[in-house]
Amino acid sequence: MSEQLQIGISREEGDKAVTVLRLKGSLDANTQGALEDKAKEAIDAGTDYLILDMSGVDYLGSAGMRAIHAITNVLSPDTPGMRSEKLKVLNPSPAALKVFKTLGFDSFIDIHASVDEAIASF
Amino acid sequence: MRLELEADLAQLNRIREFVTESATSLGIAPSSFDDLRLAVDEAVTNILTHGYRGPGDIEIELDTAGADLVIRLRDRAMPFDPAHSPLNDPHNSEQGDAPGGFGVYLIRTVMDEVSHRPLDPGNELTMIKRGVVE
């Protein structure tokens with residue numbers, strides 16, 4: 001039931017093909033597929049870099065982290081063990097940030113406070 | 001506080017809301033709500049995806065014992081003991097590894113005590129958060 005996660009999508013103007021996915025709702029085992037599908041759509045449509053705006057995510061569990069992990073591997077299929085250079089995360093809630101850190105994802109995915117800051121890091 | 005339902009993944013939101021409502025009624029410190037929602041969500045997700053491999057009956061019970069909160073989940077699924085399953089520590093795995101077992105890791109990180117008892121048929125998972133009754 002993907003209505004429990006709404007995903008807004010926008011392309012950013014600039015030198016690089018950057019897409020921002022704005023998530024609103026819960027990122028759990030029920031909605032992880034919707035996020036993966038939307039990210040793959042954007043990648044298939046030609047985007048090279050993704051920003052996940054998580055400011056509207058009220059719940060993040062391990063299933064959501066699995067989705068993010070899968071997307072980083074699609075973006076960077078040749079460097080699966082390296083730091084994510086093509087996916088950045090914006091403004092997770094304190095609870096979501098705790099999940100990020102507990103699972104060690106903050107050590108290979110950068111977290112930024114604004115779209116401009118995230119784009120500048122690509 | 002008790003909830004019995006034939007659960008599927010689409011009801012995870014409702015189950016997390018039940019945890020919040022129950023914890024509020026039981027006088028649990030709001031600062032622990034995120035941990036409680038996370039532990040129950042991960043446990044139910046494991047039961048549905050690995051135990052039943054689809055929808056199935058689940059009973060969720062929250063109660064206090066002194067200053068502690070006790071959460072019990074009962075199912076009729078295949079035997080599975082997350083309290084003693086091998087722990088996949090994400091800090092010791094490569095990013096390229098498939099992040100399996102992270103739900104169990106989160107449960108055992110945010111709860112103080114996790115234990116399992118086999119039922120006939122099914123499982124009873126008990127998760128305790130200490131010192132959260134206000």
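Because the model is predicted, local features are described only at pLDDT of at least 70 and side-chain atom pairs count only at pLDDT 80 or more, while totals for chains, interfaces and linings use all residues. Residues are numbered from 1 along each chain as its sequence is written, and chains are lettered from A, with ligands numbered from 1, in the order in which they are written. Helices (H or I, at least four residues) and strands (E, at least two) are DSSP runs, numbered from the N terminus.

**The sheet of chain A**

- Chain A has an open sheet of 5 strands in the order β1-β2-β3-β4-β5, with mixed pairing. Two strands pair if DSSP finds at least two bridges between them.
- At the edges sit β1 (5-12) and β5 (111-112) of chain A, each of which pairs on one side only.
- Strand β4 (residues 87-90) of chain A pairs with β5(A) in the parallel sense, over 2 bridges. Here Val89(A) stands opposite Ile111(A).

**Helices of chain A**

- Helix α1(A) lies across β1, β2 (18-27) and β3 (49-60) of chain A, and runs at about 15° to β1(A). Axes are lines fitted to C-alpha atoms, for helices over the stretch in contact, and angles run from 0 to 180 degrees between N-to-C directions.
- Helix α2(A) packs on the sheet too, touching β2, β3 and β4 of chain A, and its direction makes about 175° with that of β3(A).
- How are two packed helices described? The angle between their axes and the distance between the axes are used.
- For α1 (residues 32-44) and α2 (residues 62-75) of chain A, the angle is about 20° and the axes are 9 Å apart.
- These two helices, α1(A) and α2(A), are therefore roughly parallel to each other (angles under 35 degrees count as roughly parallel, over 145 as roughly antiparallel, 65 to 115 as roughly perpendicular and the rest as oblique).
- The crossing of α1(A) and α2(A) is right-handed (left-handed if the near helix is turned anticlockwise from the far one by less than a right angle, right-handed if clockwise).
- On the α1(A) side, the residues that meet α2(A) include Leu35(A), Ala39(A) and Ile43(A); on the α2(A) side, Ala67(A), Ala70(A) and Val74(A) are among them. Residues are in contact if their C-beta atoms, placed from the backbone, lie within 7 Å.
- By class, this contact of α1(A) with α2(A) has 9 nonpolar, 2 polar and 3 charged residues (Ala, Val, Leu, Ile, Met, Phe, Trp, Tyr, Cys and Pro count as nonpolar, Asp, Glu, Lys and Arg as charged, and the others, Gly among them, as polar).

**Overview of chain B**

- Chain B has 3 helices and 5 strands, which follow the order β-α-α-β-β-α-β-β from the N terminus on.
- Among contacts in chain B between residues at least 6 apart in sequence, 66% join residues at least 24 apart.

**Strand β5 of chain B and its partners**

- Strand β3 (residues 68-75) of chain B runs antiparallel to β5(B), joined by 7 bridges, and Ile71(B) stands opposite Met127(B).
- Strand β4 (residues 113-118) of chain B also pairs with β5(B) in the antiparallel sense, over 6 bridges. Glu113(B) has Ile128(B) as its bridge partner.
- The hairpin of β4(B) and β5(B) has 4 residues between the strands, and Gly122(B) there takes a positive phi near 110°.
- Pro121(B) lies in the loop between β4 and β5 of chain B, and a cis peptide bond with omega of about 5° joins Asp120(B) to Pro121(B).

**Single residues to look up**

- Asn91(A), in the loop between β4 and α3 (94-102) of chain A, has a positive phi near 45° although it is not glycine. With 17 C-beta neighbours inside 10 Å, Asn91(A) counts as partly exposed.
- Arg53(B), in the loop between α2 (33-52) and β2 of chain B, is a residue other than glycine with a positive phi near 55°. Is Arg53(B) buried or exposed? Arg53(B) is exposed, because 10 other C-beta atoms lie within 10 Å.
- Glu59(B) belongs to strand β2 (residues 56-65) of chain B and is partly exposed, with 16 other C-beta atoms within 10 Å. Leaving aside neighbours within four places in sequence, Glu59(B) is in contact with Arg2(B), Glu4(B) and Arg74(B).

Methods
Two residues are in contact if their C-beta atoms, placed from the backbone, lie within 7 Å. A residue is buried if 20 or more other C-beta atoms lie within 10 Å of its own, exposed if 12 or fewer, and partly exposed in between; C-beta atoms are placed from the backbone.
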